[in-house]
Amino acid sequence: YRDRVNDTRTPITAYIAFVCLSTFVALIMSDLAAFLANDKHHDGLAALKGLRNGMTYGGKVRFVHSLVNTFLFGKGSVRRKLTRVLDNTYQHGRNLGSFVLIYKTLMALLKKAFGTHSSHAFLAAFVGGWVVFGKNNNINMQINLYLLSRIIVGFARMAVKRNESAAGTVAARDPFPLFGALVWG
């Protein structure tokens with residue numbers, strides 16, 4: 001240790017190492033910025049970003065919901081309940097992230113192979129739904145039922161906009177009360 005302290009080359013060596021490392025980091029950052037700015041990589045990066053965002057959103061949504069329901073209605077030790085909360089959170093986040101990754105990847109591949117077409121979104125979502133949400137479990141059941149309800153409300157709103165419902169009725173102005181009544185009736 002004393003030899004290194006008294007060695008006059010140590011500060012110079014450290015400075016050279018710092019300059020080399022700084023230059024290396026600057027080159028990597030420059031290459032990374034160029035890679036990210038290149039439109040060729042947009043679809044792949046969008047798929048990865050979708051994976052990350054889906055996992056994050058799924059985790060945020062499921063954690064609180066699972067925490068409350070598990071501790072209010074679940075049985076078992078605190079450790080078992082916490083494990084269940086974390087498992088549900090992981091599964092929800094993984095499923096949403098996986099769906100987005102499959103969807104965006106298929107959309108990019110279909111666009112590259114056939115150009116843009118309105119059926120591509122349905123096809124990519126169909127495959128993603130089959131692969132990810134086709135497994136019958138509690139998390140997927142809840143997500144699928146939630147989406148089904150959103151689809152039904154969307155169809156009802158489209159019908160109202162197209163004046164396909166009876167004129168003058170409550171449903172003609174706002175279909176949501178009818179939807180709520182049918183769901184709970």
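The legends below describe close-up views of a predicted model of a protein chain.

In this predicted model, local features are taken only at pLDDT of at least 70 and side-chain atom pairs only at pLDDT 80 or more, whereas totals for chains, interfaces and linings use all residues. Residues are numbered from 1 along each chain as its sequence is written, and side-chain values use heavy atoms, with hydrogens and water left out.

**View 1. The protein chain as a whole.** The protein chain holds 8 helices and 0 strands, where helices (H or I, at least four residues) and strands (E, at least two) are DSSP runs numbered from the N terminus. Read from the N terminus on, its elements follow the order α-α-α-α-α-α-α-α. Of its 185 residues, 18% count as buried; buried means under 20% relative accessible area, exposed over 50%, and partly exposed in between, for a 1.4 Å probe and protein chains only.

**View 2. The packing of helix H3 against helix H4.** Two packed helices are described by the angle between their axes and the distance between the axes. Helix H3 (residues 42-73) packs on H4 at an angle of about 155 degrees, and the two axes are 7 Å apart; such axes are lines fitted to C-alpha atoms, for helices over the stretch in contact, and the angles run from 0 to 180 degrees between N-to-C directions. H3 and H4 are therefore roughly antiparallel to each other, given that angles under 35 degrees count as roughly parallel, over 145 as roughly antiparallel, 65 to 115 as roughly perpendicular and the rest as oblique. The crossing of these two helices is right-handed, a crossing being left-handed if the near helix is turned anticlockwise from the far one by less than a right angle, and right-handed if clockwise. The residues of the contact of H3 with H4 divide into 18 nonpolar, 13 polar and 6 charged, where Ala, Val, Leu, Ile, Met, Phe, Trp, Tyr, Cys and Pro count as nonpolar, Asp, Glu, Lys and Arg as charged, and the others, Gly among them, as polar.

View 3. Gly50 has its place in helix H3 and, at 8% relative accessibility, counts as buried. Leaving aside neighbours within four places in sequence, Gly50 is in contact with Gly97 and Val100. The C-alpha atoms of Gly50 and Ser98 are separated by 8.7 Å, although these residues are 48 residues apart along the chain.

View 4. Ser66 lies in helix H3 and is buried, with a relative accessible area of 3%; not counting residues up to four places away in sequence, Ser66 touches Arg84, Val85 and Asn88. Thr70 also lies in helix H3 and counts as buried at 5% relative accessibility, and its side chain reaches the backbone oxygen of Ser66 at 2.7 Å. With residues up to four places away in sequence again not counted, Thr70 touches Lys81, Arg84 and Val85. Arg80, placed in helix H4, is exposed with a relative accessible area of 51%, and the side chain of Arg80 reaches the backbone oxygen of Lys75 at 3.4 Å. Arg80 and Thr70 are 10 residues apart in sequence and 9.8 Å apart in space, C-alpha to C-alpha.

**View 5. The packing of helix H4 against helix H5, with Ser119.** Helix H4 (residues 78-114) and helix H5 (residues 119-133) pack at an angle of about 145 degrees, with an axis separation of 8 Å, and H4 passes H5 in a right-handed crossing. By class, this contact of H4 with H5 has 16 nonpolar, 5 polar and 1 charged residues. Ser119, found in helix H5, counts as partly exposed at 36% relative accessibility. Its side chain makes a polar contact with the side chain of His117 (2.8 Å); a polar contact is a pair of N or O atoms within 3.5 Å, of which, within protein, one must be able to donate a hydrogen and the other to accept it, and residues adjacent in sequence count only if both atoms are side-chain atoms.

**View 6. The packing of helix H4 against helix H6.** H4 and helix H6 (residues 138-161) pack at an angle of about 50 degrees, with their axes 10 Å apart, and are therefore oblique to each other. The crossing of H4 and H6 is right-handed. In this contact, Asn88, Gln91, His92 and Asn95 of H4 meet Ile139, Asn140 and Ile143 of H6, which by class gives 2 nonpolar, 5 polar and no charged residues.

Terms used: Contact = heavy atoms within 4.5 Å.
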